[in-house]
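Please look over this entry with me. My notes follow, point by point.

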Amino acid sequence: MSIASVDVIVTSPGRNFVTLKVTTSDGVVGWGDATLNGRELSVASYLSDHLASMLVGRDEDRIEDTWQYLYRGAYWRRGPVTMAAIAAVDMALWDIKAKKAGMPLYQLLGGASRDGVRVYAHASGTDFAALSNAIAGYRELGFTAVRVQTGVPGLGQIYGVSAAGPGVRYDYEPAKRSGDRPAEEQWDTRQYLNHMPGVFAKIREEFGTDLRLLHDGHHRMSPIEAARFAKDVEPYDLFWLEDATPGEDQTALRLIRQHSTTPLAIGEVFNTVYDYQTLITERLIDYVRSAVTHTGGITAMKKLLDFAAIYGIRSGIHGPTDISPVGMAAALHLDLAIHNFGIQEYMPHNEQTLEVFRTSFTFDKGFLHPGDQPGLGVELDEDAASAFEYTKAYLPVNRLLDGTVHDW
Ligand code: KDG
Ligand code: MG
(Lines give C-alpha, C1' and ligand atoms only; values in the text may rest on other atoms or scores of the structure.)
(Ligands and ions follow the chains in the order given, each with its own letter.)
Protein backbone atom coordinates (compact mmCIF):
# COMPACT_ATOMS: atom_id res chain seq x y z
CA MET A 1 0.00 0.00 0.00
CA SER A 2 1.02 3.60 -0.35
CA ILE A 3 -0.15 7.14 0.27
CA ALA A 4 -2.76 8.00 -2.37
CA SER A 5 -3.63 11.58 -1.46
CA VAL A 6 -2.69 14.39 0.89
CA ASP A 7 -5.14 17.22 1.60
CA VAL A 8 -4.93 20.28 3.78
CA ILE A 9 -8.10 21.49 5.50
CA VAL A 10 -8.26 24.99 6.95
CA THR A 11 -11.30 25.67 9.09
CA SER A 12 -12.28 28.26 11.68
CA PRO A 13 -14.96 27.05 14.09
CA GLY A 14 -14.41 29.99 16.46
CA ARG A 15 -10.64 29.87 15.86
CA ASN A 16 -8.40 28.72 13.02
CA PHE A 17 -7.15 25.16 12.63
CA VAL A 18 -5.00 23.55 9.93
CA THR A 19 -5.52 19.81 9.57
CA LEU A 20 -3.76 17.33 7.31
CA LYS A 21 -5.66 14.41 5.80
CA VAL A 22 -3.58 11.52 4.47
CA THR A 23 -5.44 8.78 2.60
CA THR A 24 -3.88 5.43 1.67
CA SER A 25 -4.45 3.52 -1.55
CA ASP A 26 -6.88 1.22 0.25
CA GLY A 27 -8.81 4.05 1.85
CA VAL A 28 -7.42 4.35 5.39
CA VAL A 29 -7.47 8.00 6.51
CA GLY A 30 -5.05 9.54 8.99
CA TRP A 31 -5.33 13.03 10.53
CA GLY A 32 -2.60 15.41 11.64
CA ASP A 33 -2.69 18.82 13.36
CA ALA A 34 -0.61 21.60 11.74
CA THR A 35 -2.07 24.63 13.53
CA LEU A 36 0.40 27.45 14.24
CA ASN A 37 -1.45 30.24 16.01
CA GLY A 38 -1.51 33.47 13.99
CA ARG A 39 0.64 31.99 11.17
CA GLU A 40 -1.70 29.20 10.04
CA LEU A 41 -1.51 29.74 6.28
CA SER A 42 2.29 29.43 6.20
CA VAL A 43 2.06 25.84 7.42
CA ALA A 44 -0.87 25.11 5.11
CA SER A 45 1.27 26.28 2.18
CA TYR A 46 4.34 24.33 3.36
CA LEU A 47 2.20 21.20 3.36
CA SER A 48 0.22 21.67 0.17
CA ASP A 49 2.83 23.47 -1.95
CA HIS A 50 5.88 21.47 -0.90
CA LEU A 51 5.24 18.25 1.04
CA ALA A 52 2.07 16.83 -0.53
CA SER A 53 3.68 15.82 -3.83
CA MET A 54 6.65 14.28 -1.98
CA LEU A 55 4.35 12.07 0.07
CA VAL A 56 2.08 10.63 -2.61
CA GLY A 57 3.29 7.15 -3.53
CA ARG A 58 5.36 6.63 -0.33
CA ASP A 59 4.82 3.61 1.91
CA GLU A 60 2.67 4.96 4.77
CA ASP A 61 4.18 2.44 7.21
CA ARG A 62 7.67 3.95 7.02
CA ILE A 63 7.10 6.60 9.67
CA GLU A 64 10.68 7.08 10.89
CA ASP A 65 12.03 7.11 7.35
CA THR A 66 9.41 9.67 6.28
CA TRP A 67 10.25 11.86 9.28
CA GLN A 68 13.97 11.84 8.39
CA TYR A 69 13.17 12.37 4.70
CA LEU A 70 11.19 15.52 5.50
CA TYR A 71 13.55 16.82 8.21
CA ARG A 72 17.02 16.08 6.77
CA GLY A 73 15.78 16.12 3.21
CA ALA A 74 14.67 19.78 3.39
CA TYR A 75 18.24 20.95 4.12
CA TRP A 76 16.57 23.90 5.99
CA ARG A 77 15.92 22.54 9.45
CA ARG A 78 13.84 23.36 12.50
CA GLY A 79 11.56 26.36 12.96
CA PRO A 80 7.87 26.31 13.90
CA VAL A 81 6.52 26.23 10.33
CA THR A 82 8.67 23.30 9.20
CA MET A 83 8.22 21.36 12.43
CA ALA A 84 4.43 21.86 12.53
CA ALA A 85 4.21 20.57 8.96
CA ILE A 86 6.37 17.52 9.76
CA ALA A 87 4.32 16.97 12.94
CA ALA A 88 1.08 16.83 10.97
CA VAL A 89 2.47 14.22 8.57
CA ASP A 90 3.86 12.18 11.47
CA MET A 91 0.57 12.23 13.43
CA ALA A 92 -1.40 11.23 10.36
CA LEU A 93 0.93 8.28 9.68
CA TRP A 94 0.70 7.07 13.30
CA ASP A 95 -3.10 7.43 13.10
CA ILE A 96 -3.09 5.23 9.99
CA LYS A 97 -0.73 2.65 11.48
CA ALA A 98 -2.83 2.32 14.65
CA LYS A 99 -6.06 2.13 12.64
CA LYS A 100 -4.56 -0.64 10.52
CA ALA A 101 -3.50 -2.46 13.71
CA GLY A 102 -7.04 -2.00 15.11
CA MET A 103 -5.59 -0.44 18.27
CA PRO A 104 -5.65 2.91 20.03
CA LEU A 105 -2.30 4.59 19.39
CA TYR A 106 -1.12 4.32 23.01
CA GLN A 107 -0.97 0.54 22.57
CA LEU A 108 1.63 0.94 19.82
CA LEU A 109 3.64 3.25 22.09
CA GLY A 110 4.01 0.50 24.69
CA GLY A 111 0.56 0.43 26.28
CA ALA A 112 -0.85 2.39 29.19
CA SER A 113 1.47 3.27 32.06
CA ARG A 114 -1.43 4.74 34.07
CA ASP A 115 -5.23 4.70 34.20
CA GLY A 116 -5.73 8.32 33.19
CA VAL A 117 -3.91 11.53 32.46
CA ARG A 118 -3.97 14.22 35.15
CA VAL A 119 -4.89 17.52 33.53
CA TYR A 120 -4.78 21.13 34.64
CA ALA A 121 -7.41 23.73 33.87
CA HIS A 122 -7.02 27.47 33.32
CA ALA A 123 -8.48 29.48 36.19
CA SER A 124 -8.30 33.22 35.81
CA GLY A 125 -9.98 36.41 36.92
CA THR A 126 -9.46 40.11 36.53
CA ASP A 127 -9.41 40.35 40.36
CA PHE A 128 -9.07 37.93 43.26
CA ALA A 129 -12.83 37.39 43.72
CA ALA A 130 -13.22 36.31 40.08
CA LEU A 131 -10.11 34.13 40.24
CA SER A 132 -11.24 32.44 43.44
CA ASN A 133 -14.66 31.79 41.89
CA ALA A 134 -13.03 30.14 38.86
CA ILE A 135 -10.76 27.95 41.03
CA ALA A 136 -13.74 26.85 43.16
CA GLY A 137 -15.69 25.99 39.99
CA TYR A 138 -12.89 23.84 38.60
CA ARG A 139 -12.56 22.06 41.93
CA GLU A 140 -16.26 21.24 41.80
CA LEU A 141 -15.77 19.77 38.32
CA GLY A 142 -13.14 17.48 39.81
CA PHE A 143 -9.92 19.16 38.67
CA THR A 144 -6.96 18.55 40.96
CA ALA A 145 -4.69 21.11 39.29
CA VAL A 146 -5.25 24.65 38.06
CA ARG A 147 -3.12 27.22 36.35
CA VAL A 148 -3.81 30.62 37.87
CA GLN A 149 -3.47 33.95 36.06
CA THR A 150 -4.92 37.19 37.30
CA GLY A 151 -5.16 40.87 36.45
CA VAL A 152 -2.47 43.19 37.79
CA PRO A 153 -3.67 46.52 39.25
CA GLY A 154 -2.77 49.35 36.89
CA LEU A 155 -2.64 47.15 33.79
CA GLY A 156 -5.56 46.43 31.46
CA GLN A 157 -6.28 43.14 29.72
CA ILE A 158 -3.22 40.90 30.11
CA TYR A 159 -2.14 37.45 29.02
CA GLY A 160 -4.10 34.50 30.39
CA VAL A 161 -6.94 36.41 32.01
CA SER A 162 -10.42 35.87 30.64
CA ALA A 163 -12.24 39.07 29.77
CA ALA A 164 -15.47 37.12 30.15
CA GLY A 165 -15.62 37.74 33.90
CA PRO A 166 -16.24 35.14 36.58
CA GLY A 167 -17.06 31.71 35.31
CA VAL A 168 -15.71 28.23 35.06
CA ARG A 169 -15.78 27.15 31.41
CA TYR A 170 -14.65 30.61 30.39
CA ASP A 171 -13.26 31.05 26.91
CA TYR A 172 -9.81 32.54 27.04
CA GLU A 173 -8.64 32.81 23.47
CA PRO A 174 -5.47 34.86 23.05
CA ALA A 175 -5.61 35.00 19.22
CA LYS A 176 -7.77 37.99 18.34
CA ARG A 177 -9.70 38.58 15.12
CA SER A 178 -8.42 42.13 15.04
CA GLY A 179 -8.28 42.79 11.29
CA ASP A 180 -4.94 43.30 9.58
CA ARG A 181 -2.86 43.94 12.71
CA PRO A 182 -2.47 42.33 16.12
CA ALA A 183 -4.20 43.87 19.13
CA GLU A 184 -1.82 45.49 21.64
CA GLU A 185 -1.59 44.92 25.39
CA GLN A 186 0.33 46.72 28.13
CA TRP A 187 2.81 45.31 30.58
CA ASP A 188 4.84 46.31 33.62
CA THR A 189 6.99 43.62 35.23
CA ARG A 190 7.55 45.59 38.45
CA GLN A 191 3.80 45.82 39.18
CA TYR A 192 3.44 42.13 38.35
CA LEU A 193 6.30 41.10 40.66
CA ASN A 194 4.85 43.12 43.52
CA HIS A 195 1.30 41.81 43.06
CA MET A 196 1.54 38.08 42.27
CA PRO A 197 3.07 36.52 45.42
CA GLY A 198 0.20 37.93 47.54
CA VAL A 199 -2.29 36.30 45.19
CA PHE A 200 -0.70 32.87 45.76
CA ALA A 201 -0.73 33.48 49.52
CA LYS A 202 -4.50 34.16 49.42
CA ILE A 203 -5.14 31.09 47.23
CA ARG A 204 -3.31 28.82 49.68
CA GLU A 205 -5.23 30.39 52.58
CA GLU A 206 -8.56 29.81 50.86
CA PHE A 207 -7.98 26.46 49.13
CA GLY A 208 -5.36 24.74 51.31
CA THR A 209 -2.30 22.79 50.24
CA ASP A 210 -3.77 19.88 48.21
CA LEU A 211 -4.54 21.73 45.02
CA ARG A 212 -1.74 21.76 42.45
CA LEU A 213 -1.09 25.37 41.44
CA LEU A 214 0.62 26.32 38.21
CA HIS A 215 1.50 29.73 36.83
CA ASP A 216 2.69 31.01 33.45
CA GLY A 217 5.15 33.93 33.36
CA HIS A 218 4.77 33.99 29.58
CA HIS A 219 8.38 34.95 28.80
CA ARG A 220 8.18 38.42 30.39
CA MET A 221 10.82 38.44 33.12
CA SER A 222 14.54 39.02 32.84
CA PRO A 223 16.66 36.24 34.38
CA ILE A 224 17.20 38.12 37.65
CA GLU A 225 13.54 39.16 37.89
CA ALA A 226 12.52 35.55 37.33
CA ALA A 227 14.95 34.40 40.03
CA ARG A 228 13.34 36.83 42.48
CA PHE A 229 9.83 35.73 41.49
CA ALA A 230 10.63 32.02 41.80
CA LYS A 231 12.14 32.68 45.26
CA ASP A 232 9.23 34.86 46.41
CA VAL A 233 6.61 32.23 45.53
CA GLU A 234 8.49 29.27 47.08
CA PRO A 235 6.30 29.24 50.23
CA TYR A 236 3.20 28.65 48.06
CA ASP A 237 4.49 25.39 46.59
CA LEU A 238 3.85 25.91 42.88
CA PHE A 239 3.62 22.75 40.78
CA TRP A 240 5.53 24.79 38.21
CA LEU A 241 6.47 28.24 37.07
CA GLU A 242 6.25 28.25 33.28
CA ASP A 243 8.15 30.36 30.75
CA ALA A 244 9.70 32.60 33.38
CA THR A 245 12.12 34.04 30.80
CA PRO A 246 12.12 34.26 26.98
CA GLY A 247 12.59 30.86 25.36
CA GLU A 248 15.69 31.55 23.26
CA ASP A 249 18.10 31.84 26.16
CA GLN A 250 18.66 28.43 27.74
CA THR A 251 21.34 29.72 30.13
CA ALA A 252 18.87 32.18 31.73
CA LEU A 253 17.39 29.20 33.55
CA ARG A 254 20.73 28.66 35.36
CA LEU A 255 20.27 31.92 37.20
CA ILE A 256 16.74 31.05 38.32
CA ARG A 257 17.90 27.59 39.48
CA GLN A 258 20.70 29.11 41.55
CA HIS A 259 18.17 31.03 43.61
CA SER A 260 15.09 28.89 43.96
CA THR A 261 13.56 25.42 44.27
CA THR A 262 10.33 26.40 42.48
CA PRO A 263 9.92 23.78 39.71
CA LEU A 264 10.40 25.20 36.23
CA ALA A 265 8.65 24.40 32.94
CA ILE A 266 9.49 25.74 29.51
CA GLY A 267 9.17 24.84 25.85
CA GLU A 268 5.85 25.76 24.24
CA VAL A 269 7.70 27.87 21.65
CA PHE A 270 10.44 25.27 21.13
CA ASN A 271 10.36 22.98 18.14
CA THR A 272 13.18 20.43 18.43
CA VAL A 273 15.08 18.47 21.05
CA TYR A 274 18.07 20.76 20.43
CA ASP A 275 16.22 23.65 22.10
CA TYR A 276 16.42 21.57 25.29
CA GLN A 277 19.98 20.26 25.10
CA THR A 278 21.42 22.50 27.83
CA LEU A 279 18.20 22.58 29.84
CA ILE A 280 17.97 18.81 30.07
CA THR A 281 21.62 17.83 30.46
CA GLU A 282 22.16 20.48 33.16
CA ARG A 283 18.81 19.68 34.83
CA LEU A 284 17.72 23.31 34.58
CA ILE A 285 14.03 22.46 34.15
CA ASP A 286 11.54 20.01 35.63
CA TYR A 287 8.93 19.85 32.85
CA VAL A 288 9.06 19.77 29.04
CA ARG A 289 6.29 22.02 27.67
CA SER A 290 6.48 21.33 23.93
CA ALA A 291 3.37 20.72 21.88
CA VAL A 292 3.34 17.55 19.79
CA THR A 293 2.00 19.78 17.00
CA HIS A 294 5.00 22.15 17.04
CA THR A 295 7.79 19.68 17.74
CA GLY A 296 7.73 17.32 14.80
CA GLY A 297 4.97 15.02 15.97
CA ILE A 298 4.79 11.81 17.96
CA THR A 299 8.08 10.38 16.66
CA ALA A 300 10.11 13.42 17.75
CA MET A 301 8.22 14.02 20.97
CA LYS A 302 8.71 10.42 22.14
CA LYS A 303 12.47 10.76 21.65
CA LEU A 304 12.52 14.12 23.43
CA LEU A 305 10.59 12.76 26.41
CA ASP A 306 12.78 9.65 26.60
CA PHE A 307 15.85 11.90 26.64
CA ALA A 308 14.25 13.99 29.44
CA ALA A 309 13.43 10.82 31.39
CA ILE A 310 17.13 9.98 31.75
CA TYR A 311 17.54 13.22 33.73
CA GLY A 312 14.39 12.80 35.83
CA ILE A 313 12.53 15.48 33.87
CA ARG A 314 8.83 14.97 33.21
CA SER A 315 6.28 15.90 30.58
CA GLY A 316 3.88 18.83 30.66
CA ILE A 317 2.65 18.81 27.07
CA HIS A 318 1.22 22.05 25.72
CA GLY A 319 -2.55 21.80 25.24
CA PRO A 320 -4.19 25.20 24.69
CA THR A 321 -7.14 25.73 22.36
CA ASP A 322 -4.80 26.44 19.44
CA ILE A 323 -3.75 22.79 19.51
CA SER A 324 -6.60 21.09 17.64
CA PRO A 325 -8.38 18.03 19.06
CA VAL A 326 -6.13 15.95 16.76
CA GLY A 327 -2.98 17.41 18.38
CA MET A 328 -4.55 16.99 21.80
CA ALA A 329 -5.27 13.31 21.09
CA ALA A 330 -1.63 12.79 20.07
CA ALA A 331 -0.60 14.31 23.42
CA LEU A 332 -3.00 12.15 25.41
CA HIS A 333 -1.78 8.90 23.83
CA LEU A 334 1.82 9.85 24.65
CA ASP A 335 0.84 10.94 28.18
CA LEU A 336 -0.80 7.61 28.83
CA ALA A 337 2.10 5.55 27.49
CA ILE A 338 5.32 7.21 28.70
CA HIS A 339 6.74 6.58 32.17
CA ASN A 340 7.88 10.16 32.90
CA PHE A 341 4.46 11.76 32.58
CA GLY A 342 4.02 14.93 34.65
CA ILE A 343 0.75 16.67 33.82
CA GLN A 344 -1.25 17.63 30.71
CA GLU A 345 -2.66 21.08 29.94
CA TYR A 346 -6.36 20.99 29.09
CA MET A 347 -8.30 23.96 27.72
CA PRO A 348 -11.56 22.48 26.45
CA HIS A 349 -12.47 23.40 22.88
CA ASN A 350 -15.72 25.21 22.15
CA GLU A 351 -18.83 23.40 20.88
CA GLN A 352 -18.35 24.40 17.23
CA THR A 353 -14.83 22.94 17.27
CA LEU A 354 -16.15 19.71 18.72
CA GLU A 355 -18.76 19.53 15.94
CA VAL A 356 -15.96 19.67 13.38
CA PHE A 357 -13.61 17.32 15.26
CA ARG A 358 -15.37 14.27 16.70
CA THR A 359 -13.31 13.15 19.70
CA SER A 360 -13.46 10.10 21.94
CA PHE A 361 -11.76 11.64 25.02
CA THR A 362 -13.36 11.06 28.39
CA PHE A 363 -12.93 13.22 31.51
CA ASP A 364 -13.31 11.80 34.98
CA LYS A 365 -12.41 13.52 38.26
CA GLY A 366 -9.55 15.55 36.89
CA PHE A 367 -8.19 12.88 34.53
CA LEU A 368 -8.53 12.54 30.76
CA HIS A 369 -8.38 9.34 28.72
CA PRO A 370 -7.92 9.33 24.91
CA GLY A 371 -10.44 6.49 24.45
CA ASP A 372 -10.01 3.10 22.81
CA GLN A 373 -10.96 3.80 19.21
CA PRO A 374 -8.34 2.52 16.74
CA GLY A 375 -5.88 5.29 15.88
CA LEU A 376 -5.82 8.71 17.51
CA GLY A 377 -9.58 8.56 18.12
CA VAL A 378 -10.44 11.88 16.43
CA GLU A 379 -12.21 12.23 13.07
CA LEU A 380 -12.69 15.50 11.20
CA ASP A 381 -16.12 16.06 9.66
CA GLU A 382 -15.27 17.76 6.35
CA ASP A 383 -18.81 19.04 5.75
CA ALA A 384 -18.92 20.64 9.17
CA ALA A 385 -15.42 22.08 8.63
CA SER A 386 -16.38 23.68 5.31
CA ALA A 387 -18.97 25.86 7.05
CA PHE A 388 -16.23 27.81 8.87
CA GLU A 389 -14.01 29.96 6.67
CA TYR A 390 -10.48 30.93 7.66
CA THR A 391 -10.51 34.29 9.44
CA LYS A 392 -7.28 36.18 10.03
CA ALA A 393 -6.39 36.31 13.74
CA TYR A 394 -3.23 37.34 15.57
CA LEU A 395 -1.72 36.87 18.99
CA PRO A 396 -1.40 40.27 20.70
CA VAL A 397 1.74 42.40 20.75
CA ASN A 398 2.89 43.59 24.17
CA ARG A 399 4.23 47.05 25.06
CA LEU A 400 5.70 48.43 28.26
CA LEU A 401 3.94 51.48 29.70
CA ASP A 402 6.39 53.77 27.86
CA GLY A 403 5.55 52.12 24.53
CA THR A 404 8.58 49.82 24.20
CA VAL A 405 7.74 46.49 22.57
CA HIS A 406 8.09 43.68 25.12
CA ASP A 407 7.75 39.88 25.01
CA TRP A 408 4.10 38.88 24.97
O1 KDG B 1 -0.52 30.27 20.78
C2 KDG B 1 -0.03 30.73 21.99
C3 KDG B 1 -0.79 30.10 23.13
O4 KDG B 1 -0.91 28.74 22.94
C5 KDG B 1 -0.09 30.33 24.45
O6 KDG B 1 -0.07 31.68 24.71
C7 KDG B 1 -0.78 29.57 25.55
O8 KDG B 1 0.99 30.05 27.08
C9 KDG B 1 0.08 29.33 26.74
C10 KDG B 1 -0.21 28.15 27.54
O11 KDG B 1 0.56 27.90 28.46
O12 KDG B 1 -1.17 27.47 27.24
MG1 MG C 1 2.34 28.94 28.36
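**Notes on the ligand and the fold**

1. A polar side-chain atom of Asp322 lies 2.8 Å from an oxygen atom of ligand 1. Glu268 also places a polar side-chain atom 2.8 Å from a ligand 1 oxygen. For Arg147 the distance is 3.3 Å, again to an oxygen atom of ligand 1. Polar contacts here are pairs of N or O atoms within 3.5 Å.

2. Ligand 1 exposes 330 Å² when taken alone, and the protein buries 94% of that. Areas come from the Shrake-Rupley method with a 1.4 Å probe.

3. The model is predicted: local features need pLDDT of at least 70, side-chain atom pairs need 80 or more, and totals for chains, interfaces and linings use all residues. Residues are numbered from 1 along each chain as written, chains are lettered from A and ligands numbered from 1 in written order, and side-chain values use heavy atoms, without hydrogens and water.

4. Ligand 1 is surrounded by 15 residues (a heavy atom within 4 Å). Among the closest are Tyr159, His218 and Glu345. The shell holds four nonpolar, four polar and seven charged residues; Asp, Glu, Lys and Arg count as charged.

5. The protein has 13 helices (at least four residues) and 18 strands (at least two), as DSSP runs. Its C-alpha atoms fill a box of roughly 60 × 45 × 45 Å along the principal axes.

Definitions and conventions
Polar contact = N/O pair within 3.5 Å; in protein donor to acceptor, adjacent residues only side chain to side chain.
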